[in-house]
Amino acid sequence: MALVASIGNLNYDIYIKTPELPGLDQSVEAVDIYTGGGGSAANFAVAITRMGHRARFLGSVGDDVMGDIILKELAGEGVDVSFVKRIKGVRSGVVVVIVQPDGGKRMIAYRGANMGLSPDDINELSLGGVDHVHVASGRVELILKAKEVAKKLGKTISVDGGTALARKGLEVVSKALSGVDVIFMNQAEAKLLASSADHRAAVDVIARNISAKEVVVTLGDKGAMAVSDGEFIYVDAFRLQPVDTTGAGDTFAAAYIAARLAGFSLYERLLFANAAASIKVTRPGARSSPRFAEVAEFLRSLGYRIAD
């Protein structure tokens, strides 16, 4: 059982499910509403515990009631929150998620206290005893510091910078991610980063310009692909009925890292992570990720050979 540190945002998510979006000065009816903890890094931390590993979260919340709620919920999932900062006088992060009938989502984010996390909070103490470091943030200063400390401690590191990082351009991103073990992004982010309309060409550009061991790109309902040492691997998506895609990328990343820690091949990692994300989208909320045994059993039921 490894200890995995996750660095980034912790939010209070408010989900509104509606069949249509309102126009200016209009209102529409919601068919469902639910709340729960969110934030990509926090979602990853929960997902990695369900993969059978220990998790430590590094982030920042306000000293408000919402901060109390989301910290308690995260700790209740077995995540170590002892290094989380509380920022006085600042509201905790809140994200409103508008969920469409097909499971797709639109999000409005208030970062709030999340911005209180600084590079100084990422050090040999907060990352002490960690086996792997995952950064789910587009803030370059956090990525650089995490990479520096991880490499100093001899630990592997993965980064999921999202759209915020992709928007910074290939020159900035290549410097920030140079030497990273695993890079995660979705196809829209890959196309944006590489200024390409084709995801395969975009991944090729990224792999040639960023000296990372593995570049992994999720393709939504078309599956996922990865490139490592010039080898391209692609896996198809599993056709399950989506309910809510929020947190699917975080589930994918956690399952991929768990498979990597288990010694799975590149193809097996992609397959396992794709299956985990496919199961997750059939459930509401960002924290509805499956457990390792559940994913393994799902794959076995389809005829795949997966070790426990």
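**Entry 1: K85**

I began with K85, which sits in strand β7 (residues 85-87); strands (E, at least two residues) and helices (H or I, at least four) are DSSP runs numbered from the N terminus. Before going on, I noted that this is a predicted model, in which local features need pLDDT of at least 70, side-chain atom pairs count only at pLDDT 80 or more, and totals for chains, interfaces and linings use all residues. Residues are numbered from 1 along each chain as its sequence is written, and side-chain values use heavy atoms, with hydrogens and water left out.

I then listed what K85 touches, not counting residues up to four places away in sequence: G59, S60, V61, G116, S118 and D121. Contact here means heavy atoms within 4.5 Å. G116 is 31 residues from K85 in sequence, yet their C-alpha atoms are 7.8 Å apart. With D121, the side chain of K85 makes a polar contact of 3.2 Å. Such a contact is a pair of N or O atoms within 3.5 Å; within protein, one must be able to donate a hydrogen and the other to accept it, and residues adjacent in sequence count only if both atoms are side-chain atoms.

**Entry 2: the sheet**

Next I traced an open sheet of 9 strands with mixed pairing, in the order β6-β4-β1-β10-β11-β12-β13-β14-β15. Two strands pair if DSSP finds at least two bridges between them. β6 (79-80) and β15 (231-235) are at the edges with a single partner strand each, so one side of each has no neighbour in the sheet.

I also looked at β12 (residues 182-186) and β13 (residues 214-218), which run parallel and are joined by 5 bridges. I183 has V215 in β13 as its bridge partner.

**Entry 3: H134**

In strand β10 I picked out H134. H134 counts as buried, at 1% relative accessibility. Which side chain does the side chain of H134 meet in a polar contact? I found S158, at 2.7 Å.

**Entry 4: the cores**

Last, I checked the largest nonpolar core, which has 53 residues. A nonpolar core is a set of buried Ala, Val, Leu, Ile, Met, Phe, Trp, Tyr and Cys residues joined through side-chain atoms within 4.5 Å. Helix α9 (residues 266-280) gives the largest share of this core, 9 residues. Another core, of 40 residues, lies apart from it, and V215 is among its members.

Key. Buried < 20%, exposed > 50% of the residue type's maximum accessible area, 1.4 Å probe, protein only.
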